[in-house]
Amino acid sequence: MHRMGQYIIIGIAIVCLIFSLYFQYISQLLPCSLCLMQRLCMFGILGMALFGVYYSTVLTRLSFWIGQWSWIGAGFFFSGRQLWLQFF
């Protein structure tokens, strides 16, 4: 069950990173600094999920879970900041 969740997170992170790289290099849309920070958070989530697949003790699961939620929180912060700057 734990590994299936990590595989889902890995899949979502890879799809998001592929889309962001597509928009940057194929569609020629230059990312802003907040977009780059969100991309950094996606790489952090992806890295934690990859390590979380291979390490399965309870302590490492907890530490990777905390790490993933830290990266997710940072991503929400940067996306919220971007929306606030754009609409308000």
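Tyr7 is found in helix α1 of this predicted model. With a relative accessibility of 45%, Tyr7 counts as partly exposed, because that value falls between the 20% limit for buried residues and the 50% limit for exposed ones. Tyr7 is also one of the residues touched by Val53, along with Arg3, Gln6 and Ile10, when residues up to four places away in sequence are left out of the count. Looking towards the end of the chain, the C-alpha atom of Tyr7 lies 37 Å from that of Phe88, a residue 81 positions away along the sequence.

The protein chain contains three helices and zero strands, and reading along the sequence gives the pattern α-α-α. The C-alpha trace spans about 45 × 30 × 15 Å along its principal axes. Of the 88 residues, 22% count as buried. Among contacts between residues at least 6 apart in sequence, 72% join residues that are at least 24 apart.

The pairing of α1 with α2 can be described in some detail. These two helices pack at an angle of about 150 degrees, and their axes are 9 Å apart. Since angles over 145 degrees count as roughly antiparallel, α1 and α2 are therefore roughly antiparallel to each other. The crossing of α1 past α2 is left-handed. Sorted by residue type, the contact of α1 with α2 comprises 16 nonpolar, five polar and two charged residues.

What makes up the largest nonpolar core? Six residues form this core, namely Ile10, Ala13, Leu17, Leu46, Ala49 and Val53. The elements contributing two or more residues to it are α1, covering 2–25, and α2, covering 33–54. In soluble globular proteins, nonpolar side chains tend to be buried together. Two members of the core, Ile10 and Val53, touch each other, and the contacts of Val53 also include Arg3 and Gln6.

Gln28 sits in the loop between α1 and α2. Although Gln28 is not a glycine, its phi is positive, at about 60 degrees. Is Gln28 buried or exposed? Its relative accessible area is 60%, and Gln28 is therefore exposed, as values over 50% fall in that class. Tyr7, at 45%, counts by contrast as partly exposed.

Technical notes: Residues numbered from 1 in each chain as written. Predicted model: local features only at pLDDT ≥ 70, side-chain atom pairs only at ≥ 80, totals over all residues. Heavy atoms only, no water. Core = buried A, V, L, I, M, F, W, Y, C linked by side-chain atoms within 4.5 Å. Buried < 20%, exposed > 50% of the residue type's maximum accessible area, 1.4 Å probe, protein only. Helix = DSSP H or I, 4+ residues; strand = E, 2+ residues; numbered from the N terminus. Contact = heavy atoms within 4.5 Å. Axes fitted to C-alpha atoms, helices over the stretch in contact; angles between N-to-C directions. Parallel < 35°, antiparallel > 145°, perpendicular 65-115°, else oblique. Left-handed = near helix turned anticlockwise from the far one by under 90°. Nonpolar A, V, L, I, M, F, W, Y, C, P; charged D, E, K, R; others polar.
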